[in-house]
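The following paragraphs lead the reader through one protein structure. Please keep the sequence and the model in view while reading.

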Amino acid sequence: GRPVVDAQVEIWQCDHSGHYHHPGDGARADSRFQGFGRVTVAADGRYRFRTIRPVPYGSRTPHVHVKVRLGARELLTTQVYVADDPGNPRDSLWRSLSAADRATLTVTFAPGSDGLQASFPIVVAA
């Protein structure tokens, strides 16, 4: 399809110790880690973030939250999981997904030229 003008992708995740910059937990979060980001999708539909590899916390497996916006409209909010993480089968949200949804939302983090890299294509039907 054709790229959509004014589309944004945002992510948020916990720090290396499992703390978010949320009320009630933010005082324990690493002040050197921003914990979130937002980018405008490029004309060719690409977007990119640089962050840390997600870590587990509590009963949750490693994941990154993702939100897609078109102007003021929220089109998608989901989580992206790390392929082959041993915590996935114990995570109640990951387990609640169908096999097809798990395959869509679970990505491989592989060594790249500047650290681990993962690719998560997002397709929003018009």
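**Charged network and sheet**

Glu10, Arg38, Lys67, Arg69 and Glu74 are linked in a network of salt bridges. A salt bridge here is a side-chain nitrogen of Lys or Arg within 4 Å of a carboxyl oxygen of Asp or Glu. The model is predicted, so local features need pLDDT of at least 70 and side-chain atom pairs count only at pLDDT 80 or more, whereas totals for chains, interfaces and linings use all residues. Residues are numbered from 1 along each chain as its sequence is written, and side-chain values use heavy atoms, with hydrogens and water left out.

Glu74 is partly exposed, with a relative accessible area of 47%, while Arg69 is buried at 19%.

By the same rule, the count comes to eleven salt bridges. Among them is the pair Asp25 and Arg28, at 2.9 Å from N to O. Asp25 counts as buried at 13% relative accessibility, whereas Arg28 is exposed at 58%. Arg32 forms a salt bridge with Asp30, the closest N and O atoms being 3.1 Å apart. Here Arg32 is exposed, with a relative accessible area of 72%, and Asp30 counts as buried at 12%. As a general point, side chains of opposite charge can pair when their charged atoms come close.

The strands come next. Helices (H or I, at least four residues) and strands (E, at least two) are DSSP runs, numbered from the N terminus, and two strands pair if DSSP finds at least two bridges between them. Five strands form an open sheet in the order β2-β1-β3-β4-β5, with mixed pairing. Strands β2 (36-40) and β5 (106-107) stand at the edges with a single partner strand each, so one side of each is left without a neighbour in the sheet. Strand β3 (residues 63-70) pairs with strand β4 (residues 73-82) in the antiparallel sense, over eight bridges. In this pairing, His65 stands opposite Gln79 in β4.

The nonpolar side chains can now be followed. A nonpolar core is a set of buried Ala, Val, Leu, Ile, Met, Phe, Trp, Tyr and Cys residues joined through side-chain atoms within 4.5 Å. The largest such core has 14 residues, and those with the most contacts inside it are Val9, Val66, Val80, Tyr81, Leu105 and Phe120. Strands β1 (7-12), β3 and β4 each supply at least two residues of this core. Leaving aside neighbours within four places in sequence, Leu105 is in contact (heavy atoms within 4.5 Å) with Thr78, Gln79, Val80, Tyr81, Leu97 and Phe120. In soluble globular proteins, nonpolar side chains tend to be buried together.

Two further sites complete the account. Val124 is found in the segment after β7 (115-117) and is partly exposed, with a relative accessible area of 42%. Asp84 lies in the loop between β4 and α1 (92-96). The phi angle of Asp84 is near 65°, a positive value in a residue other than glycine, and Asp84 counts as exposed at 78% relative accessibility.

Key. Buried means under 20% relative accessible area, exposed over 50%, partly exposed in between (1.4 Å probe, protein chains only).
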